[in-house]
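Please open the structure in your viewer and keep the selection tool at hand. The tour below moves from stop to stop, saying what to select and what is there.

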Amino acid sequence: MKGLLLCCLVTLVDVSLNPKKTYEYKYEGEVNFGLDKPNLAESGVQILCKVTITGVSEQTFLLRVSELEFAEYNGFEGKNGYTSSPNVTKRIAAELAKPFMFEHVNGHIDGIHAYAEVSTTVVNIIRGILDFFQVTVKTTQNIYDLEETGIHGKCQSNYAIEENEETKDWTITQVVDVTNCKEKAAVYRGMAITVVDKLSKERGESVISTMRYNYTIKPTAEGGLITRAHGLERQHFSAFNVKGGSFKMEAMKNLVLLSVNTASASSYGPMESKGDIVYKFEDMNINIPIIMQNLDDPAPKATELIKHLAEANSDGIDSETTEDSIKVYQLMRVIPYEELENMWKQLAENPKYRRWMLDSTAEIGDARVLNFLETRFKANDLTAVEAWHTLLLAFHHLEITPELVEMAKVFLKLPFSKSNTYLWHTVALSYGSLVNKYCVYYTPCPVTAVQPLLDMATEALRSDNKEEMVVALKALGNAGHPGSMKTIMRYLPGVAATPVDLPLRVQSAAIQAMRLITTRDPHSVQDVTLTMFLQKDLPSEVRMLAFRILFDTKPSMALVSTVTAHLLEERDLQVASFAYSYLKGFANSETPDNHYLSTASSLAVKILAPRFGRLSYYYSKAKHVDWFDDRWLAGISLDFFMLRNASNIIPSEIMSTEKLHIIGRIIKLLELGIRAEGIKDLFGAGIPGFKGDFSMSDLMAIFSVLQKWETLEDDKPVFSVYSRVSGQEWFFTDMSKETLRNIITDFWVFYGINTKLFQSGSELKLKNPSAVPWKLSAKINVPEKKFEVDFPPSKEEIEILSIRSDLYAVSRNIEEPDLPKITPIMPPSADPSNEEVLQPNTWHPTSRMCYEYNIYGVGLCMEYELKRQYYYEEYPLYYFLGYSNMALKIVPAQTIKAVDKIHFELDAGPSRHPMSARQLLETLRRLSKKAAQRMNASSNSAPKGRDSHHRHHDIILEVQNSTTEAVFNFKAFAISENQKPEGYDAAMYYTPEASIQNAQLIVSQVGANTNWKMCVDTSLDAEAKAHVRWGAECQTYDVSMKATAAYLNGSKPELKAKVQWNRISEYMAEIGKR
């Protein structure tokens, strides 16, 4: 039978139901979640029932469910079983008491009808039963495949048919490719602003699903009759590569024919359509996986919870209230609009309640939040900060539908939106982000969605309003709508049909407005950016920005070759350095999305290296670095851009971006950018007195230029900054002179079933509480640059930072929402009694390290505890599964004497300290005498001692001829009533010579019977030197260091350093041996 496909002609027809008969089946369905290991906890649900199908007409049938039993599983295999849940059984049975209607045509379910009050969750249970009757039987082939609609969506199915010679029954095996369905019953939340990484699938998968049906079909005169059916679906999921261990979902269902009888008359009431056989999602915004609560009468419950949360978190973040916060969000999503207004009237007068009310309302996600905010904006009863904060969150969480996008346009026209600069920025940017997500779900994306932003950009250009130009372009950049290309091009030099003289910051915004169109219309972006890059008469910054956007389109080998050829003729070294450094980064890229670009860039670098490979950091740079691991199927990439021009020492623009590669997606984490505007003009082409070695004299030269910043124009920005998260710009501002004058949660992962009636799955909880340890008082004198802070002593252990996580098998149901079954997935101990079961490896490290500061009466402790059970094939998933606890704590410590407060003081001067100057002189004299003694004691050390003696003699003479000024002075004292303070005092001095930069740092312990000091003496001329002494009067221990920089072949620097440990402590010597 090698390679032979046998076809057989049979009399079997499609699976059918006789409308004149009643079919009675026994149905069993269950689903389990865990890690598929016998010693780890799992959770699951089970449904048992009897199903009766009766004909109504030739193609219409009624389905009734009876003898229902619902059970839950939570525990360990072999130790725990399914437990019946009578209350949930009663609730589901009440919805199943009335019949369901469906149409069955040629072996397929065409429509499902039910009573209006029946929930989607219960209809999905019926879909799971009827899915057995969605089967295609071909009478002319025993092996075939076709595309058909089932409960998973429109998917490819493979069939195999075999006849039982004894019973003449037919066994049909159907395998469904549920991974690659065209119209898949799947919803990806929170992924709208991520980029699909198609090439990562060549490295591995994060999700693998299989679905198999087995049918036993008996030929009858009416057609094929299903006498037995079995379905098994398995899904393996990991945040990494499933090859390295995964969560497992296993769903099994059985259908067994009990009897076939003559149909009797059936009655039923009015029904409504519930859709087709495809699984439907219900109230996804309301059903939150990690909690379950009774949602009846939600407004009073939400009001009380908001008050409780406001009080509990008034002095900081209380991590114990995290689940209460999520409960409020869930309640708010079912409160009618009228009751939201009543809650606002109750809570708005209290500042704490008001803030929590606004934050909670922003989570609603539908038309109610837009109506609520529109009412607030029209009434002007929000502050600008409240308005921009709430609108930012509300637009981010808004459900994406054409109706809601249309409603959101009103905020672009409300007068209140423009009452504050930052509020207006937020309104425009947030609407742009809304359009971006809209274009993800609706393709092609209608241009009407982005039209208000196009109108803004056109009007700003017509009225020559530079500020509005930037706002409109940045909003268009967030939207990423391909239909905005023509409008953006009107702003671009070298491609605009009617050239307009615009400042660089506007042109920069216009170029970056194409950044998200690179994935939706890459060819149009390539045409525009390449044209700009090749025009050598354009400003360097414009060409470099165009080059960056060009490479966001992932250009082909041919396009990279074209760019390379032109770079060989490039005369602008700023552009050449930028392009070459970016290509060099891509040449070393490991991430899947740069697979082809990396090859092309590698060839380009080899061609360009002889010409541009030695350009220094005085030229513009674009750095790309990344890391990707196939075992993890995860990685990260970082980009840094520094744009300069030949006429200015200050970079014109600096940008950085970070991206996370995980679960087959590219997530843009954070992007920061700063444009030098007026400050660039302030520095000009050079800084008087600036040598380039960033010595103290260089820093003073920079400072002297900055002191002239008041000469800048009042209406011109000193610099501009922006921030983007997930590729969406959410904040930008121009920092003017006037602005400068006036100038973080918990985490969970759920994998399982989430319905309004029950939840079952695996849940990872991570808590990251943080707290300010003490109340404090502060004195700040800005003109004199003096800062003082006082803390009371710590009386109890305080966690200032901690991270706790654990993985659980979880079961919840709506009848007992406050009594969830939660079992740590890892048992307290392994079961050695079962030798047949493969035992896991165990890892349980713990540590606690503390250091006490007895002077202050406090200690600092770091502790961690990890519990892991794993199998080697589960790498790297098991790193994250199990109990973890890491904490940083402040603890009380035994004090030398009672401490009333801990006092910190910083004097950033410069100010004159005669006592400190005398202390410096005395210390240096002692060091000098000590050097002389060593010189006289040994002839071998004579040159060294003589040099040291002369060195300190020169410093002493210099200090004697000047009044020593401390660059800064820092004190950390423990204050006790009627006693002298104890602690540490540090002072740094700057004592330059003609050609040598000298600085000294002296740290002294303050208190009775102590003479501990640390003295650091540094100098910088042709080489950098540092001499560190500490102990009694700085004489117990001694370390010397020096370093020089040499340049090989006149370009690349080489650092030579030498460290001499003259006398060190036993502890440091022991550390060195390790």
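At what angle do helix α1 and helix α2 pack, and how many Å apart are their axes? Select residues 86-96 for α1 and residues 120-130 for α2: the two helices pack at an angle of about 75°, with their axes 10 Å apart. Helices (H or I, at least four residues) and strands (E, at least two) are DSSP runs, numbered from the N terminus, while axes are lines fitted to C-alpha atoms, for helices over the stretch in contact, with angles running from 0 to 180 degrees between N-to-C directions. The angle therefore makes α1 roughly perpendicular to α2, a label that covers 65 to 115 degrees, whereas angles under 35 degrees count as roughly parallel, over 145 as roughly antiparallel and the rest as oblique.

Before going on, note that this is a predicted model, in which local features need pLDDT of at least 70 and side-chain atom pairs count only at pLDDT 80 or more, while totals for chains, interfaces and linings use all residues. Residues are numbered from 1 along each chain as its sequence is written, and side-chain values use heavy atoms, with hydrogens and water left out.

Now show the side chains of I92, E95 and L96 in α1, which meet V122, I125 and I126 in α2; contact here means heavy atoms within 4.5 Å.

Next, select α6 (residues 351-361) and α8 (residues 384-397), whose axes come within 9 Å and cross at roughly 30°, which means that α6 is roughly parallel to α8. Here R354, L358 and D359 of α6 make the contact with E386, H389, T390 and L393 of α8.

D630 lies in the loop between β16 and β17, and R203 in the loop between β11 (195-196) and β12 (207-219), so the pair ties together parts that are 427 residues apart in sequence. A salt bridge is a side-chain nitrogen of Lys or Arg within 4 Å of a carboxyl oxygen of Asp or Glu, and by this rule the count comes to 41 salt bridges.

Select T443 and P444, which are joined by a cis peptide bond with omega of about 0°; P444 is placed in the loop between α10 (421-441) and α11 (451-463). Then select K168, in the loop between β8 (153-163) and β9 (170-177), where phi is positive at about 65° although K168 is not a glycine. Most residues other than glycine have a negative phi, and most peptide bonds are trans.
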